[in-house]
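Please keep the sequence and the structure in view while reading.

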Amino acid sequence: MTDPTARHAPGRSGRQGQAPGQTQGQAYATADVARSVKTIRSLTSASFGKSTRNMVHFFGTRHGPSYGGGREERGTVQTAEPDDPVVVSVRQVHGTDVLVLDRPLSAGEQFLDGWDAIITNQVGMLVTIRTADCVPVLVADVAHRLVGAVHAGWRGAVRGIVAKSLRAMVERFGADFASLQVAMGPSVGPCCYEVDTPVLEQLPTDLPDASTILTRTSPRTGRLDLKALIRQQALSLGLADDRIHSVDLCTMCRSDLLFSYRRDGNVHGTMVNGIMLT
Ligand SMILES: [Zn+2]
């Protein structure tokens with residue numbers, strides 16, 4: 001389900017219910033846009049949020065939040081106070097390893113290998129991944145009380161990081177594919193993501209509808225829709241189309257709101273995305 005009207009995460013902005021760039025008056029439109037963008041710290045998928053009760057999720061922007069985002073914090077469990085939720089982040093390596101967290105954690109515990117997905121059945125554990133063009137994929141199973149966060153760039157997506165994460169929720173925690181919900185956040189869109197031979201050669205050739213994933217722009221180049229690739233992978237596992245949600249903002253187009261490695265280089269920053277059982 002496409003969700004073009006991504007809204008603010010509850011409690012994270014003083015301007016509830018207003019989509020990015022959406023203004024209430026014509027005369028001050030420019031000023032309103034500038035002000036509203038500055039106050040947006042994170043986005044949510046409204047449709048995913050409605051169908052995942054007793055959970056919170058967010059897709060970060062260049063204005064925040066910063067949970068677990070600092071280089072020195074990655075791989076170390078953070079919490080402000082003993083009774084606060086714990087925040088888990090990991091060092092991401094564009095691989096396909098899934099970190100499975102099935103026990104309570106305390107501040108200071110460390111996970112120092114590389115992972116690109118975290119899944120958990122623990123209440124009050126905020127699992128986070130960082131992105132800046134790659135697709136942040138949040139996963140939830142309401143019936144089995146499970147959540148996960150996945151970092152899916154083209155390498156990870158082609159190697160099946162999303163499918164591997166969904167399978168891990170089934171095999172390790174007893175979820176079933178029919179009850180899983182997926183939300184994809186802002187990423188570089190097919191409007192801007194031109195790839196060439198090294199990427200094209202590794203795209204899967206056995207997908208049912210490859211034309212939605214790649215639009216050829218020359219014999220050696222094409223525009224890649226990473227979200228369409230991930231959607232097809234999730235559908236092929238048995239997820240229902242209306243349980244696959246998407247916030248279709250492009251990181252390269254929205255310099256006001258989002259970081260982009262391809263646009264800015266990697267000196268600027270990454271956005272933190274997370275989900276938690278409450
Ligand atoms: Zn774009």
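Asn 54 is found in the loop that lies between α2 (46–50) and β3. In this predicted model, the phi angle of Asn 54 is near 60 degrees, which is a positive value in a residue other than glycine.

Asp 133 belongs to the loop between β7 (125–131) and β8 (135–141).

The loop between β3 (55–60) and β4 (86–88) contains Pro 65. The peptide bond that leads from Gly 64 to Pro 65 is cis, and its omega angle is near -10 degrees. The table below collects these backbone angles, together with that of a glycine discussed later.

| Residue or bond | Angle | Value |
|---|---|---|
| Asn 54 | phi | near 60 degrees |
| Gly 238 | phi | near 110 degrees |
| Gly 64 to Pro 65 | omega | near -10 degrees |

**Strand β3 and its partners**

Strand β3 is mostly covered, since five of its six residues are buried. With strand β2 (residues 42–44), β3 is joined by two bridges, and the two strands run antiparallel. Across this pairing, Leu 43 stands opposite Phe 59 of β3. Strand β3 also pairs with strand β15 (residues 271–277), again in the antiparallel sense, over five bridges. Here Met 55 has Leu 277 in β15 as its bridge partner.

**A sheet of three strands**

In which order do the strands of the open sheet lie? The three strands follow the order β11-β13-β12, and their pairing is antiparallel. The edge strands are β11 (194–196) and β12 (214–218), each of which pairs on one side only. On average, neighbouring strands of this sheet are turned by 35 degrees against each other, if direction is ignored. Four bridges connect β12 with the antiparallel strand β13 (residues 221–224). Within β13, Leu 224 is the residue that stands opposite Leu 214.

**Helix α6**

Helix α6 covers residues 226–237, twelve residues in number. From its first C-alpha to its last it reaches 17 Å, close to the 16 Å expected at 1.5 Å a residue. Which residues of α6 are buried? They are Leu 226, Lys 227, Leu 229, Ile 230, Arg 231, Gln 233 and Ala 234. In an α-helix there are 3.6 residues a turn, so residues three or four places apart point the same way. In this helix, Leu 226, Leu 229, Ile 230 and Gln 233 are among the buried residues. After α6 comes Gly 238, with a positive phi near 110 degrees.

**The chain as a whole**

The secondary structure of the protein chain consists of seven helices and 15 strands. Of the 278 residues in the chain, 42% are buried. Among contacts with a separation of 6 or more, 67% are between residues 24 or more positions apart.

How values were computed
Residues are numbered from 1 along each chain as its sequence is written. This is a predicted model: local features need pLDDT of at least 70, side-chain atom pairs count only at pLDDT 80 or more; totals for chains, interfaces and linings use all residues. The expected span of a helix is 1.5 Å times one less than its number of residues. A residue is buried if 20 or more other C-beta atoms lie within 10 Å of its own, exposed if 12 or fewer, and partly exposed in between; C-beta atoms are placed from the backbone. Two strands pair if DSSP finds at least two bridges between them. Axes are lines fitted to C-alpha atoms, for helices over the stretch in contact, and angles run from 0 to 180 degrees between N-to-C directions. Two residues are in contact if their C-beta atoms, placed from the backbone, lie within 7 Å.
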